[in-house]
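Hi everyone, thanks for coming.

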Amino acid sequence: MKTYPRSFSHIGLSVTDLDAAVKFYTEVMGWYLIMSPTTISEDDSAIGVMCTDVFGAGWDSFRIAHLSTGDRVGVEIFEFKNAEKPENNFEYWKTSVFHFCVQDPDVEGLAAKIVAAGGKQRMPVREYFPGEKPYRMVYMEDPFGNILEIYSHSYELTYSAGAYQ
């Protein structure tokens, strides 16, 4: 069977305050709310059994909301009981998903909007190819400690050798 490139479906984010996260991601990032915050309980329902398969027995309940980006990528946001923000949320050397990236031609504007909403800018906006190509990027944090990056241009353009030559 031939291998082909799979599409990206969704990412799951854990936060300490689901309602605040939904507000941030809909108002600051402009994402669509697909399913409002809902409580999922450990029970014999199809979703309850599925979550027990994932988390193991004893998870009790959690809250979840579903959002979608402008290009149809799903974002599941979870608030678990006893949710806590890690002391060091940028352990990039450990195996994990340590950031996700969004694209906006106004990198500086979106960065300022994220900071105004309680997030952090982790670095200055930088150019990938100063004087050659107009590609910019910056690492940020949402108000809950999740690391996100902003690109000015698409991933393919940023890394393709022939773009803007």
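**A walk from the helix to the core**

Let's begin with Tyr159, which lies in helix H4, residues 155–159. Before we go further, please keep in mind that this is a predicted model. Is Tyr159 buried, partly exposed or exposed? With a relative accessible area of 47%, Tyr159 counts as partly exposed, because the exposed class begins over 50%. Now look for Tyr128: 31 residues separate Tyr128 from Tyr159 in sequence, while their C-alpha atoms are 9.5 Å apart in space.

Next, the surface. Tyr92, Trp93 and Phe98 make up a nonpolar patch there, and together they have about 360 Å² of accessible area. Phe98 sits in the loop that runs between strand S4 (74–80) and strand S5 (100–103). Phe98 is partly exposed as well, at a relative accessible area of 30%.

How many residues does the largest nonpolar core have? The number is 26, and Tyr25, Met29, Ile114, Leu148 and Ile150 have the most contacts inside this core. Among the elements giving it two or more residues are strand S1 (10–14), helix H3 (107–116) and strand S9 (147–151). Helix H1 provides the largest share, 5 residues. And where does this core lie? Domain 1 (1–82) and domain 2 (98–164) both contribute residues, so the core lies between them.

One last item, from the records. An unreviewed UniProt entry carries the annotation "domain: VOC" for residues 7–153. Over that stretch the chain is 20% helix and 33% strand, with the end C-alpha atoms 19 Å apart. Thanks, everyone!

Methods: Residues are numbered from 1 along each chain as its sequence is written. This is a predicted model: local features need pLDDT of at least 70, side-chain atom pairs count only at pLDDT 80 or more; totals for chains, interfaces and linings use all residues. Side-chain values use heavy atoms; hydrogens and water are left out. UniProt positions are given in the numbering used here, feature names are shortened, and annotations may be inferred rather than shown by experiment. Helices (H or I, at least four residues) and strands (E, at least two) are DSSP runs, numbered from the N terminus. Patches are made of residues with over 30% relative accessible area and no salt bridge: like charges are joined within 9 Å, nonpolar side chains (Val, Leu, Ile, Met, Phe, Trp, Tyr) within 5 Å. Accessible areas come from the Shrake-Rupley method with a 1.4 Å probe; for residues, only the protein chains shown count as cover. A salt bridge is a side-chain nitrogen of Lys or Arg within 4 Å of a carboxyl oxygen of Asp or Glu. Buried means under 20% relative accessible area, exposed over 50%, partly exposed in between (1.4 Å probe, protein chains only). A nonpolar core is a set of buried Ala, Val, Leu, Ile, Met, Phe, Trp, Tyr and Cys residues joined through side-chain atoms within 4.5 Å. Domain bounds come from an automatic or database domain assignment.
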